[in-house]
Amino acid sequence: MTRRTAVAAVMGCVVLAAASCAGPERPAATATATADGKGAASTSASPAPPTVDDAVAAARERMTAAATGRDAPGPEGLLVAAESTGGALFVWESSDGRFCHGTATGVGVTSVACFTRPHTPPVGKEPRLVPLVRMMATGWNVVFGAEHETVESVTCDGVPVRVKDVGVMADGRRSVHAVEFPDLTLGTVSVRVRRGSGVVTETLALETFAKKDAARFASCGEPTS
């Protein structure tokens, strides 16, 4: 994969999951006149915090400006894989069928990464799960595709995990889904899928790198290394 990252000037930390690095604003003090002509102190309300919808709209605008040329989204456009008040994680297919993903924050930082070869990753002939993205964006975000099967549910050690149905790619032959954890989570989740009239359970790795201090992190299922 090639990666092109555009970074605007940033004051403080940059985290999609955080709405602000500066903390809440203090209301501005104003003076109002009383009946006897003396000034009385009052306060004006702080601006309303941005909504997730506002943040995603702003992030989409920045991502559209960043993903250009041969990495620009194809006809299906940008698909939202994860969102928060701090920004969003997007996935898309380029016009030549390459899978791409990118993040955009509320403070103007964007990143774009795409496969280099057309029609990558290719659609397989057999039912399978296809890992697509594992990264820290709005949390620990894992995006995966399902081919020739339908995702019904995801669990971590038997506990249900919310699955976001992101959209479809590869001319409708691959459905794209996403799960999110608050922080880096190791191990595997169980994915219940339907194949025709039958139901089977597959495993999906949440990360692929070894951690010497794995005990510090949350985990699901079996370790991957």
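**Notes on disulfides, sheet and salt bridges**

1. The link of cysteine 100 and cysteine 114 is right-handed, with 115° about the S-S bond. The pair connects distant parts of the chain, cysteine 100 lying in strand 6 (residues 99–105) and cysteine 114 in strand 7 (residues 110–114), 14 residues apart. The sulfur atoms of this disulfide are 2.1 Å apart. Both cysteine 100 and cysteine 114 are buried. Please keep in mind throughout that this is a predicted model.

2. The structure holds two disulfides. The other one joins cysteine 156 and cysteine 220, with 2.0 Å between their sulfur atoms. This link is left-handed, with -95° about the S-S bond. Here too distant parts of the chain are linked: cysteine 156 is in strand 10 (residues 150–156) and cysteine 220 is in strand 16 (residues 218–220), 64 residues apart.

3. Are cysteine 156 and cysteine 220 buried or exposed? The relative accessible area of cysteine 156 is 14%, and because buried means under 20%, cysteine 156 counts as buried. Cysteine 220 has a relative accessible area of 1% and is likewise buried.

4. Counting bonded cysteines along the chain, the disulfides follow the pattern 1-2, 3-4. In residue terms, cysteine 100 is bonded to cysteine 114, and cysteine 156 is bonded to cysteine 220.

5. Four strands form an open sheet in the order 8-9-13-12, and their pairing is antiparallel. From one strand to the next, the twist averages 25°.

6. Strand 8 (residues 128–136) and strand 9 (residues 140–147) run antiparallel and are joined by eight bridges. The two strands form a hairpin, with three residues between them. One of the residue pairings to look at is that of arginine 134, whose bridge partner in strand 9 is valine 142.

7. Which strand does strand 9 pair with besides strand 8?

8. The salt bridges come next. How many does a search of the whole structure find? The search finds 10 salt bridges. Among them is the contact of glutamate 147 with arginine 128, where the closest N and O atoms are 2.8 Å apart. Glutamate 147 is in strand 9 and arginine 128 in strand 8, 19 residues apart, and the pair links distant parts of the chain. Glutamate 147 counts as buried at 0% relative accessibility, whereas arginine 128 is partly exposed at 30%.

9. Arginine 194 and glutamate 152 also meet through their side chains in a salt bridge, at 2.7 Å from N to O. Arginine 194 is in strand 14 (residues 185–195) and glutamate 152 in strand 10, so the pair links distant parts of the chain, 42 residues apart. Arginine 194 is partly exposed, with a relative accessibility of 32%. Glutamate 152 is partly exposed as well, with a relative accessible area of 38%.

10. Aspartate 96 forms a salt bridge with arginine 70, and their closest N and O atoms are 3.6 Å apart. Aspartate 96 sits in the loop between strand 5 (87–93) and strand 6, and arginine 70 in the loop between helix 1 (52–66) and strand 4 (79–84), so this contact ties together parts that are 26 residues apart in sequence. Aspartate 96 is partly exposed at 24% relative accessibility. Arginine 70 has a relative accessible area of 51% and counts as exposed, because exposed means over 50%.

11. Which residues are linked with Arg70 and Asp96 in a network of salt bridges? Asp71 and Arg98 belong to this network, together with Arg70 and Asp96.

Definitions and conventions:
Residues are numbered from 1 along each chain as its sequence is written. This is a predicted model: local features need pLDDT of at least 70, side-chain atom pairs count only at pLDDT 80 or more; totals for chains, interfaces and linings use all residues. Side-chain values use heavy atoms; hydrogens and water are left out. Two strands pair if DSSP finds at least two bridges between them. Axes are lines fitted to C-alpha atoms, for helices over the stretch in contact, and angles run from 0 to 180 degrees between N-to-C directions. A disulfide is a pair of cysteine sulfur atoms within 2.5 Å. Buried means under 20% relative accessible area, exposed over 50%, partly exposed in between (1.4 Å probe, protein chains only). A salt bridge is a side-chain nitrogen of Lys or Arg within 4 Å of a carboxyl oxygen of Asp or Glu.
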